[in-house]
Amino acid sequence: MAERYLILEDGSSFKGEGFGSSATTTGQVVFNTSMTGYQEIVTDQIYHNQIIVFSQPTIGSTGINHDSYESILPTAKGMVVRDLASISKNRQRRLSLDQFLKQNNIPGISGIDTRYIIRKLRKTGTIKGSIVDVDDDHAFDQLHATVLTNQQVAQVSTPKPYPNPNTGSNVVVIDFGLKNGILRQLSKRDCNVTVLPWSATAESITNLDPDGVILSTGPGSPFDLPETVLDMIREIQSKVPLFAIGLGHELFALANNATVTPMLSEHHGANHPIRQIITNQIIFAAQGQGYAIDAKSVDREKLIITYVDLINGTVQGLRHRDFPAFSVQFFPDAAPGPDDSLDIFDEFTEIMSTREE
Amino acid sequence: MAKVVVDAMAMQRALTRITYEIIEHNKGIDDLVILGIKTRGVYLAQRIASRLQQLEGSEVPVGELDVTMYRDDIEHDGKENDPTVTAGSVTFPVAGKKVILVDDVLYTGRTIRAALSAIIDMGRPESINLAVLVDRGHRELPIRADFVGKNIPSSQKERIRVSVEEIDGRDAVEILHK
Amino acid sequence: MVNQIHKVLIIGGGHTDIGHETELDGVIYQTIQTFQRLGIKTLLLDNNPYSISLESVQPSNMFIQSVTVDNARNIIEKEQPDAILPTIGGLLAIRVTQELLETGVLGENEVRILGMPPLALQQISNPALTQQFLTQINQPVIRSQVVKDFDDAFDVLRDIGYPVIIKSVSPWGDANRQLCENEDQLDSALESGFEQSRIHQCVIEQSVVGNKEIEMVAIRDKSGTKLLISGIENMDPIGIHSGDSIMFVPTQTLTDREFQTLRDATLSIIQALKITGVLHTQFALNSETHSYYVTKISPYFDRSVSLAAKATGYPLAHVIANLATELQLAEIKLPDNYAKQIALMEPTVDHVVAKFPLWPFEDVPSADDHLNTVMKSVGSTIGIGRSTEEAMLKALRSSQLSPKDVLPQIKLNDNELIDQLIHARSTQIFALVEALRRHYQVDELSELTKIDPFYFYKIKHLIKIETETIANPMDAKTLEKAKYFGFGDGMIAGMWQVSIDAIRTFAKESQILPTYKAVEPTAGEFDKVSTIYYSTFETENESKKLEAKSALVVGRGGNQLGPNTSADYFTVSLLNQLRKADYKTIIINTNPNALSLIPQLSDKQYVDPIQLGDLLNIIELEHPEVIFIPGNRHYLTRELKKRRLPVVVLPPDQEAGVELSEQANLELSLFVTDDEVTPIELVRLLSGDHSNQLDQVSGFKTPPTLSEDEQNLIITQAVAEAKKRNLRGLVQVLFLQSQDQVKFTGIRPARLTEIAFLNKVTGVNWIRILVQQKLGLLSPDSLATFKLNLHPDRVVLMQFNYPFNQLRVKNQAGSSQQQVGAEIAFGSTDEIARQELSNTEQKNK
């Protein structure tokens, strides 16, 4: 395998071995500290335009599995790992990570001091980086010159509505960069799902007469989306049970006048205790966020803070006082990550079923 | 044979949802008081009150209503004759308050009717809302719950058993076949 | 915290044995420290002479008695503790507490059980109740059923499917478990099974042999907050005892779904049992069907819990002690060197830990070294690295004492090799390496061994690097790669046939330098989280030289038969004394169960192979003022001395100044300084076969029964012999008493086991005195008040324990080299002391 480099905006360069695609890419460099589930992570659309550094040192040891896709076409810009295990060995694992990344035009680089980079990123904050063949001045110039798109949601959201028929509650999912886990959980609960593009209007949603609406996870900044999305949320929340996740949660907060701010360094992992305020219980969940809601800005007359991260203090869940509308910052669908909060989907279906009557 | 229809997690969730619905419905917890019908209704009332306190930071008073019935109310195994409900331990006035009445199972509605009379005897509340963990149907009076944990359509030949951690050592709702 | 808990009785684990080493003493020690901070008084029942815990409680709270129900009851009745803690003394403590509960002793004396409710204690103590409990909470368990005829059996079979195991119920003789994979095998197994059964019955049981064996360790607090500390993956499949398997943290071959399913199961079990402490679960996982079975639940501290703590850097012992008092996770105050949020975070690690077993077969050659469901290993070593290869290689380097030859060839023909692959033996890892060298296909190997192909690819990679290294001597890139994947200086020197110094010089010239990473549970989220480090060859080095003057202590490595447990005790005492002498202390060790790796006992811990290159790397970073090396490391000592490093061999090397004949049965210990010879204790050496052979010594007793004249003769002669020689420190003079005479037979530096015995008998910590002497800090009058007591009012007896039963070999008189642990007893007479030890023997049967 070829020698390649990971170069960072701050001028540092790390030599490693290339795997996957040999493309040269540029993206925001973020890290994920989950200990399992590299396939789920790299296929999660929230990593659109990002280069992911894995803290788990050995990556690739379970190959590529049919039930571990969080989207069919991953759009991450790279994987940075310490130790690559490129394994494909039986029917279930016919594809290795290396082959999968080649097919999807995503480069990987192994043999990197990922612990060092992660410790560094925690201090510098999220910065740009490239995976390149040569770490010369030209490469750095290119890196500095590259402007990353702010049209991430538009690029990953479905262009057309599509159904996922079933016999239970009628749910509309707004796709801001949908993670399959959400569909998987709805499907387990027999929900009849229609997925709409991110730009769906309140009218097009209510036309489908949903029992509930989900605002999905997605990549990038909530500020990159137009005001019309917030208008849609304000209208829908007053009409139908609403459940927002990740980027959806940030949008829900903005629609209800809370302040959202970028975090110094993005937090991706599953090790933070999250307190559910109402029961005082502590759960663990997969988290992946670059933005956080300012707790002080939350209008307590309008919203209730329902979950808090006990390590960095960020607001992890909100609920509207007047409507059955709620949101979580973390990913309750797990995949990858702990199942402790899967029952938020039950909460949602129970709200739908008790409101139906 | 007992079949678990609501497990511990689901019961927690139902109480959580009911709590949010109470806030939603009452626009907050000002002037709210909770009355639980003995025995298990009291524990459920206390749990709702502690949830409200977690969220809103202030205490909601909880009172207890005593039911005298000719049968053990644990198992709800027969139709109730008109029971007598008395203020077991209600240390606060209910006049002008928004009362949330809490029971574990809503069945014929006769217990609730008796409870309503008992409450009104104590003073005239602003409003009374009913929260139940289980609504099993078979109403004999025009009474409905405002907040329902779970609707469990059941035959009169079946019994519904609600267990709570505080006295039964576990949380569950089960259907027992006679 | 639970109200009114002021006094807790801790049930100790007794002598170390196959299955539990020093980790129990370690967790008891840390619990006592934690309880002290919480204002709780601790009573301790244990009789392990190598225990550091017994030295950390007030003498009046220390009950050096065998761990039996009777002794525990007496203590409870006399001392009236508020509570009993059964979860840190292994299965023995669980059993004793369960019996105290059942017989009503706990109830009558109002003693609460800490760590789990009484119901849970019952549920885990009775296999039938355990099955019933797991079934109730919808956890899959391995099904088994008693059948009376063929029809019954096939009914069950149709239900559970192949493979099944047939066992005869109440057999006439020794009956085998027979594995059946088809109708023919089942027919014949049933036929013989029924025939062998006195009552014509068989048990038919679902077989999970060949499934992956996965373990999980979780904790829970009173309020129901639960978190997973770590998953552990056994490289070997079900069928080989997990204690004998090579293990990895974190799990290496599980998908997220598989991992989360087992995490969920573990958390729901700990919740249902209402444990306030730790739970270790074991699973059989079928990675083709993604189905699993719970095979074991252990809500107490054991070696897997210990491994999880060591591998993650999570302060587990401290947290468990707090949880037992019903404090909540969010309320726990951690020692200063941890970020305060750590207790509440699920550990997430960015390194790989491999654990390799160590075997007793050199010391007990008659034992069969085939690996099966009975545990045989006596210790283990861990290797930590940033790749699976590096971790494996470092563990492997630590698991043998030779400085080279890590991937040796094994001399077998193909048939023998295949036989070893199918029926694993203690040399399994070498058979795997050899098979790959002979280009066996990975899929075929995986089929034969039921080991995940992942591991074969990793081993293959190591072989490839080895081949490349041999082909490219003194090539910088090759060296860099070899080191990156865990090859040590000694190995590379061997491959390139140059000296270790040549390798080291070349590496430095080529800028191939070790970097140290912290073992900590947050993947770098907090800066100050750990004092534990391991080496790798990357970009950033996190270990900075300690500022004050430091002392490096070289640990003993993995546990083996012989005096190793006492060596660990010695090492800890050494660390303590060095601290008292104002040194910052640094330990290097690879034994995951070692007392000496407890973070609070030294300022810095390195988990790296105890080999010359790795040691020199640490020395070059830390520049310790003094380096303590245990007496059995002759090669290392020689090499370090050659480099003019400040080496102290302590305990003194048995090779230095030993003069022995083969026989002795009396021993006078002396402390020798330049000016003085102080007699310490007169001890009778006991040999199991009464041969008086020194290598057959299996215990000690004091006082020996001797006449006044004999005593005087021994003391006078011993002092005279000691003065003739240049030995310093603790010296033993040996005598043989036969019929009517006592004659001098030898002199030697004191041995580890005896030092532990002397400390317990005299109440003086002789290791402190030894360290002070070595450091020149011993004041001339510090021994002035010490007086040899020839007429004590009690008898002290210490006896070694042997692993013969467990290893299924004929019971025999064991030698000191074969000891797996020891027990000590105090009594007013010989008889009472002897009684106390035989108590334990009874209990062990």
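This is a predicted model: local features need pLDDT of at least 70, side-chain atom pairs count only at pLDDT 80 or more; totals for chains, interfaces and linings use all residues.

Student: Which parts of chain A are the domains?

Tutor: Domain 1 covers 3-147 and domain 2 covers 153-356. Their centres, taken over C-alpha atoms, are 27 Å apart.

Student: What makes residues of domain 1 of chain A and domain 2 of chain A count as being in contact?

Tutor: Heavy atoms must lie within 4.5 Å. By that rule, 27 residues from domain 1 of chain A and 23 residues from domain 2 of chain A take part.

Student: Why is the link between Lys179(A) and Glu70(A) called a salt bridge?

Tutor: The cut-off is 4 Å between a side-chain nitrogen of Lys or Arg and a carboxyl oxygen of Asp or Glu. Here the N to O distance is 3.3 Å, so the pair of Lys179(A) and Glu70(A) qualifies as a salt bridge. Across the interface of the two domains the rule finds two salt bridges, and it also finds twelve residue pairs in polar contact.

Student: How much area do domain 1 of chain A and domain 2 of chain A bury between them?

Tutor: About 1,800 Å², with 50% of it on carbon and sulfur atoms. On the domain 1 side, Gln45(A), Ile46(A) and Glu70(A) lose the most area to domain 2, together 32% of what that side buries.

Student: Why is area used for this?

Tutor: Because the size of an interface is often given as the accessible area lost when the parts come together.

How values were computed
Residues are numbered from 1 along each chain as its sequence is written. Chains are lettered from A and ligands numbered from 1 in the order in which they are written. Side-chain values use heavy atoms; hydrogens and water are left out. Domain bounds come from an automatic or database domain assignment. Buried area is the accessible area (1.4 Å probe) that two parts lose on being put together, summed over both. A polar contact is a pair of N or O atoms within 3.5 Å; within protein, one must be able to donate a hydrogen and the other to accept it, and residues adjacent in sequence count only if both atoms are side-chain atoms.
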